[in-house]
Amino acid sequence: MDGRTQPQRLDAAQLGAELGERATLVQFSSAFCQPCRATRRTLDEVAGMVDGVVHVEIDAESHLDLVRRLDITGTPTVLVLDAGGEVVRRASGQPRTVDVVAALGHAI
């Protein structure tokens, strides 16, 4: 977890997409971010392997209010949400598939 005392929750309206039945992988990206492309492939792959998990990609530059509220400081940043939309894990940089699967274990 990121050490905050207040849990952070996101809903479908904030994400612009429905939450996954079991978990949601939220990726903050920017247009010219090379690691964002690889992160997209990794998260799509994991979401395709695990039932009830969806991947939502958010353009950081178009959602600055959400970026500021969540203290997103770089792209890619990945948030793992549980079924209720609570942020249970977050990471910056390009994740490895095994790390994404492990983080999902905290959400499911």
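Select Asp-71 to begin: this residue lies in the loop between H3 and E3. Helices here are DSSP runs of H or I with at least four residues, strands are runs of E with at least two, and both are numbered from the N terminus. The model is predicted, with local features requiring pLDDT of at least 70 and side-chain atom pairs pLDDT 80 or more, while totals for chains, interfaces and linings use all residues. Residues are numbered from 1 along each chain as its sequence is written, and side-chain values use heavy atoms, without hydrogens and water.

Phi of Asp-71 is near 55°, a positive value in a residue other than glycine. Asp-71 counts as partly exposed because its relative accessibility is 43% (buried is under 20%, exposed over 50%, partly exposed in between, with a 1.4 Å probe and protein chains only).

Next, select Pro-76, in the loop between helix H3 (64–69) and E3. The peptide bond from Thr-75 to Pro-76 is cis, with omega near -5°.

Now display helix H4 (residues 97–104). Which residues of H4 are buried? They are Val-100, Ala-103 and Leu-104. They lie on the same side of H4, because they cover an arc of only 105° around the axis (the arc of the directions from the helix axis to the C-beta atoms). These buried residues pack against H2 and against strands E1 (23–29), E2 (53–59), E3 (77–82) and E4 (87–92).

Thr-42, Leu-43, Glu-45, Val-46 and Met-49 in H2 meet Thr-97, Val-100, Val-101 and Leu-104 in H4, where contact means heavy atoms within 4.5 Å.

Conventions
Axes fitted to C-alpha atoms, helices over the stretch in contact; angles between N-to-C directions.
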